[in-house]
Amino acid sequence: MNITTAAPATRTVPGPAGGRVADLHLHTFFSDGTFSPEELARRAREKGLNIVALTDHDTVEGCGRMAYACGAEGLEFIPGAELTAECAGVEVHILGYWLDTGDATLQTALEKFQRVRQDRIVEMVRRLNAAGVPLSLQAVTTLAGCNSPGRPHVARALVAAGMAVDFDAAFERFLKKGRVAFVSKARMDVTTAVGLIHGAGGVAVLAHPGIYRNDGLIPQIAASGLDGLECWHTKHTAGQSTTYAALATKLNLVATGGSDCHGMAKDHPLVGSVRLPAVQVELLAARRPAQP
Ligand code: AMP
Ligand code: FE
Ligand code: FE
Ligand code: ZN
């Protein structure tokens with residue numbers, strides 16, 4: 001097993017000393033994280049966070065439990081999701097915050113994306129089997145145990161079945177783009193994603209722009225009605241964060257940040273490793289659409 005023991009480096013975003021801090025990008029086992037909402041909330045409190053947002057991929061199902069757990073831990077909670085979207089053929093992720101999780105249009109859209117994710121797992125297993133890797137579909141669906149499964153679940157099932165040495169090796173050998181079991185996901189265009197979020201009373205933030213290696217897309221995405229840009233993220237260097245914060249100012253976007261913690265899915269849990277001053281959360285909250 002490949003265990004990384006070093007704690008993640010902390011990204012403390014410039015802000016008032018001793019002020020309240022937020023982590024606005026967190027996953028639970030309702031998508032591809034490994035923590036329950038209760039465990040995530042407990043760890044967030046232990047890390048000294050004051051405000052957290054749950055942003056599972058294409059689902060808001062964990063938000064009810066997370067709201068309750070955060071209440072018990074004395075944390076302020078923001079219900080959210082991370083929507084799979086597309087701009088000019090590039091997969092991009094749009095974070096929605098303060099979503100009305102009962103919004104019917106949002107729920108219908110999310111259910112569609114979840115069905116596509118479930119069908120995609122079936123196709124991934126079929127391709128693995130055709131390539132001589134005898135992973136069973138049930139092994140993946142049992143391990144995933146959620147409505148919004150993804151490649152990390154397949155990776156963990158491959159490791160558990162002894163068909164890959166570790167999580168990263170599973171991606172490298174089978175799951176990354178260009179490999180035998182890679183299947184692209186359904187994605188809505190960014191304008192649709194931003195519209196769904198606004199329609200559900202939320203604000204829309206472009207997640208981890210550094211991952212796309214396509215900064216030229218950011219102004220185009222911003223023009224679809226974006227409210228914020230995730231400048232601080234575990235996969236961004238300090239230099240990237242500074243550059244994105246300047247770009248956010250230029251594009252009239254709120255500069256936000258989050259760890260993108262997936263629990264123990266990969267090495268050390270990241271929750272609390274990005275610490276966003278509460279003032280940024282207040283600026284973001286001010287972008288919430290007026291309630292009808
Ligand atoms: P999916 O949404 O099913 O396409 O899975 C995307 C998730 O897989 C992301 O959250 C990443 O954390 C993880 N991932 C994507 N590519 C890799 C890779 N090459 N190695 C390890 N993890 C990856
Ligand atoms: Fe993920
Ligand atoms: Fe993402
Ligand atoms: Zn994420």
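Biologist: Which residues coordinate the iron ion (ligand 3)?
Modeller: In this predicted model, the donor distances at the iron ion (ligand 3) run from 2.0 to 2.2 Å. Along the chain the donors follow the spacing E-x10-H-x114-H. The coordinating residues are Glu82 (OE), His93 (ND1) and His208 (NE2).

Biologist: How many residues apart in sequence are the parts that His93 and His208 tie together?
Modeller: His93 and His208 both coordinate the iron ion (ligand 3). His93 belongs to strand E5 (residues 90-97), while His208 sits in the loop between strand E7 (203-206) and helix H8 (218-222), so the pair ties together parts whose separation in sequence is 115 residues.

Biologist: Is His93 buried or exposed?
Modeller: The cut-off for buried is under 20% relative accessible area. His93 has 13% relative accessibility, and His208 has a relative accessible area of 4% and is buried. His93 therefore counts as buried.

Biologist: Which residues hold the iron ion (ligand 2)?
Modeller: The donors of the iron ion (ligand 2) are spaced D-x24-H-x204-H along the chain. Their distances are 2.0 to 2.7 Å, and Asp32 is listed with two OD entries. The coordinating residues are Asp32, His57 and His262.

Biologist: Where do His57 and His262 lie?
Modeller: Both residues coordinate the iron ion (ligand 2) through NE2. His57 is buried, and His262 is buried as well. The pair ties together parts 205 residues apart in sequence, because His57 is in the loop between strand E3 (51-54) and helix H2 (63-73) and His262 is in the loop between strand E9 (254-258) and strand E10 (274-277).

Biologist: What separates the iron ion (ligand 2) from the iron ion (ligand 3)?
Modeller: The donors of the iron ion (ligand 2) include His57 and His262, and those of the iron ion (ligand 3) include His93 and His208. The two iron ions are apart by 5.7 Å.

Biologist: What is the arrangement of the four donor atoms around the zinc ion (ligand 4)?
Modeller: The donors are His25 (NE2), His27 (NE2), Glu82 (OE) and Asp260 (OD), at 2.0 to 2.2 Å. A tetrahedral site needs all angles between 85 and 135 degrees. Around the zinc ion (ligand 4) the angles are 79 to 166 degrees, so the arrangement is irregular.

Biologist: How far apart are the zinc ion (ligand 4) and the iron ion (ligand 2)?
Modeller: Asp260 is one of the zinc ion (ligand 4) donors, and His262 is one of those at the iron ion (ligand 2). The distance between these two ions is 4.6 Å.

Biologist: What area is buried between domain 1 and domain 2?
Modeller: Domain 1 covers 20-110 + 187-285 and domain 2 covers 121-175, with C-alpha centres 26 Å apart. The contact involves 12 residues from domain 1 and nine residues from domain 2. Zero salt bridges are counted between the domains. Carbon and sulfur atoms give 52% of the buried area, which is about 670 Å².

Terms used: Residues numbered from 1 in each chain as written. Chains lettered and ligands numbered in written order. Predicted model: local features only at pLDDT ≥ 70, side-chain atom pairs only at ≥ 80, totals over all residues. Heavy atoms only, no water. Donors = N, O, S within 2.8 Å, 3.2 Å for Na, K, Ca; no water. Helix = DSSP H or I, 4+ residues; strand = E, 2+ residues; numbered from the N terminus. Buried < 20%, exposed > 50% of the residue type's maximum accessible area, 1.4 Å probe, protein only. Tetrahedral: all angles 85-135°; square planar, octahedral: opposite > 155°, others 65-115°. Domains from an automatic or database assignment. Contact = heavy atoms within 4.5 Å. Buried area = accessible area lost by both parts, 1.4 Å probe. Salt bridge = Lys/Arg side-chain N within 4 Å of Asp/Glu carboxyl O.
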